[in-house]
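User: I would like to learn how to read salt bridges, sheets, aromatic pairs and surface patches in a model. Please take each feature in turn, with the general idea before the case.

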Amino acid sequence: MSEQSPQQEFSGLRMGKPFGIPVYVSWSWFIVAVFITWRFGPVFQERLPDLDNVAAYAVALAFAVLLYVSVLLHELAHSVLAKGYGLPVRRITLYLLGGVSEIEKEPPTPGKEFMVAAAGPVLSLGLGGLGLAADVYVINSGGIAEVLIWQLWVSNLIVGVFNLLPGLPLDGGRMLRAGVWKLTKSPGSGTVVAAWGGRVLAVALVVYSITTTLGAGQELGLGLIWPFVLAAFIWLGASQSLRVAKIRARIPRVNARALARRAIPVTAETPLSEALRQATERGAGAIVVIGHEGEPLAIVHEAAVQATPEHRRPWVNVGSVAKSLEPAMVLRADLAGEPLIDAMREAPGSEYLLVESGGEIYGVLSTADVNRVFTGV
């Protein structure tokens, strides 16, 4: 199961860097490895009666490892193709429910979105086909190898088909999103349709599991845990996609000029109280520290001003409550939408200096003002 993921802190084991992509294994994977070993140990013992208990569970553990190697190959298919399209891939993570490729940017066209999404299921189905061919024509004399290959090709077939289901966060959901995006010219509309498809899939999975269990004359029990976990995963992933779609719909409203605070220039030796008086008099919402030749040097930090008691402000120079300007903190005043968000993401900060094309100071952009655009999403 794959989807684009936002950057987040992560704790796990780093396993390598194939194709320049860091691969991590979450601690939750070990829970699944234990579950698979426990679940399939009796299966392998039944199919291989010559094995004792220890050997059967050892084969089951080997199956768990090989299954996750297949999942890794599935995710590498997504990530390698994404890198081929020039999209940065932060890492691949194997975790409780499979794997996820953290692709940091969306594909620029619906065609590329479709291809990146389809790469994983195609590889899984290809592995299933190769395993089937090997099972039929190469290793067909019984034994551990044949049983493992049989179980692996069936598992890859299931993974490939399941991921093609048309609902986010599954790969099929991303393919559906690409199709709707192509038809409507709106990636947001594609996300909404595919996310609701995911919610419908989650409900259908629960209903199907319950009805088939009851139809077989069985009681509702532990056998429903895994379908319910999968349904919860799909529902939560679809809901997250809807939230992201709402946020992305507001990105065009992010305009540096419209959100900028008017700024007044002062020298570093200016008392803070005097600078604040000038700002109030001129209706400015920010203070920029300039050098003796008028070049911008720093932005007075709003939090530092608020932390300075009013009775001390006549004795505090603005230079002592200002944050020096790094080159990346100086942005063009004409930035808007995705380019503005990208520029802020590359250099996280609380305030940015906005300048005109000729270098003239336009104003100060506060991250808090940008965040307020998305308030309520």
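User: Which residue forms a salt bridge with Glu102, the closest N and O atoms being 2.8 Å apart?

Analyst: Side chains of opposite charge can pair when their charged atoms come close. A salt bridge here is a side-chain nitrogen of Lys or Arg within 4 Å of a carboxyl oxygen of Asp or Glu. The partner at 2.8 Å from Glu102 is Arg91. Arg91 belongs to strand β3 and Glu102 to strand β4, so the pair ties together parts that are 11 residues apart in sequence. Helices (H or I, at least four residues) and strands (E, at least two) are DSSP runs, numbered from the N terminus.

The model is predicted: local features need pLDDT of at least 70 and side-chain atom pairs count only at pLDDT 80 or more, while totals for chains, interfaces and linings use all residues. Residues are numbered from 1 along each chain as its sequence is written, and side-chain values use heavy atoms, with hydrogens and water left out.

User: Are Arg91 and Glu102 buried or exposed?

Analyst: Buried means under 20% relative accessible area, exposed over 50%, and partly exposed in between (1.4 Å probe, protein chains only). Both Arg91 and Glu102 are buried; for Glu102 the relative accessible area is 2%. Glu102 also forms a salt bridge with Arg90, where the closest N and O atoms are 4.0 Å apart. That pair joins strand β3 to strand β4 across 12 residues. Arg90 is partly exposed, with a relative accessible area of 27%.

User: How many salt bridges does the structure hold, and which residues are linked in a network?

Analyst: There are 15 salt bridges. Glu106, Glu113, Arg174, Arg177, Arg248 and Glu338 are linked in a network of them. A further salt bridge brings together Glu302 and Arg261 at 3.1 Å, N to O. Glu302 lies in helix α10 (residues 302-307) and Arg261 in the loop between α8 (256-259) and β5 (263-267), so this contact ties together parts 41 residues apart in sequence. Glu302 counts as partly exposed, at 34% relative accessibility.

User: In what order do the 4 strands of the open sheet stand?

Analyst: Strands of a sheet pair through backbone hydrogen bonds, either parallel or antiparallel. Two strands count as paired if DSSP finds at least two bridges between them. The order is β1-β2-β3-β4, with mixed pairing. Strands β1 (12-16) and β4 (98-103) stand at the edges with a single partner each, so one side of each has no neighbour in the sheet. Within the sheet, β2 (residues 23-26) and β3 (residues 89-95) run parallel and are joined by 3 bridges. Val25 stands opposite Leu94 in β3.

User: What is the geometry of the aromatic pair Phe44 and Phe63?

Analyst: Rings of Phe, Tyr and Trp (its six-membered ring) pair if their centres lie within 6.5 Å; planes under 30 degrees apart count as stacked, over 60 as edge-to-face and the rest as tilted. The structure holds 7 aromatic pairs. Phe44 and Phe63 are edge-to-face, at 6.0 Å centre to centre and 70° between the planes. Phe44 lies in helix α1 (residues 28-47) and Phe63 in helix α2, so the pair ties together parts 19 residues apart in sequence. Phe44 and Phe63 are both buried. Elsewhere, Trp27, Trp29, Phe30 and Tyr68 form one aromatic cluster.
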